[in-house]
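Dear colleague,

I am passing the structure below on to you, and my notes on what was found in it follow directly after.

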Amino acid sequence: MVIQETLRLYPPASMMMREALTDVKIGDLDVPRGTIIQVSRPMLHQDKDAWGPDAGEFRPDRFANGVAAACRPAHVYLPFGHGPRTCIGQNLAMVELKVVLARLLSRFAFAPSPRYRHAPVFRLTIEPGFGLPLLVTRL
Ligand code: HEM
């Protein structure tokens, strides 16, 4: 749930891009063939209509009953994309994240350093703008 919530608020791949191969209508919008459509994951992932009024808060337990119960419709949660080009490595990524977190948390405690400034920035991926200084204690 912590990993899912982190990928919701800070999806590493922030933009999804698709090209309209034919003229297409999306809702009320006429999209001509050849148009590049960019979808912002952070905007979808923090849409209050889909996630509720606490959409901007870090609340891992929103995933307690799975993605479908955390948001409506479930397709607004797209950290690994969706459809035929969905991330081929998503299962490996989730296993890696669980193993790394479990190993680190079994040996160390982490707290943000007083020097930490919360400033996520959009580069190729979403990154902490001023790094991630941490206070690390051996357990
Ligand atoms: C937290 C880690 C990761 C995130 C957030 C992530 C996210 C994504 C996203 C958003 C896409 C585009 C999906 C789309 O356009 O619909 C993608 C594609 C892809 N990812 Fe990942 N990914 C991660 C880890 C990995 C890993 C570990 C691998 C390989 C071992 C991998 C391999 C790929 C490949 C090959 C594609 C292209 C698939 C295609 O175009 O058919 N990813 N990933």
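**Findings**

Leaving aside residues up to four places away in sequence, Ser14 is in contact (heavy atoms within 4.5 Å) with Val39, Ser40, Arg41, Pro42, Phe122 and Ile126. Ser14 sits in the loop that joins α1 (2-9) to β1 (15-19), where helices are DSSP runs of H or I with at least four residues and strands are runs of E with at least two, numbered from the N terminus. With a relative accessible area of 4%, Ser14 is buried, a term that stands for under 20% with a 1.4 Å probe and protein chains only.

Please bear in mind that this is a predicted model, in which local features need pLDDT of at least 70 and side-chain atom pairs count only at pLDDT 80 or more, while totals for chains, interfaces and linings use all residues. Residues are numbered from 1 along each chain as its sequence is written, and side-chain values use heavy atoms, with hydrogens and water left out.

As for the ligand, its iron atom has a single donor from the protein, Cys87 (SG), at 2.2 Å; donors are N, O and S atoms within 2.8 Å of the metal (3.2 Å for Na, K and Ca), and sites may look incomplete because water is not among the atoms. Cys87 belongs to the loop between α4 (67-70) and α5 (90-107).

Overall, the protein contains five helices and eight strands, which follow one another along the sequence as α-β-β-β-β-α-α-α-α-β-β-β-β. Of its 139 residues, 25% count as buried, and the C-alpha trace spans about 60 × 35 × 30 Å along its principal axes.

Best regards

Notes. Buried < 20%, exposed > 50% of the residue type's maximum accessible area, 1.4 Å probe, protein only.
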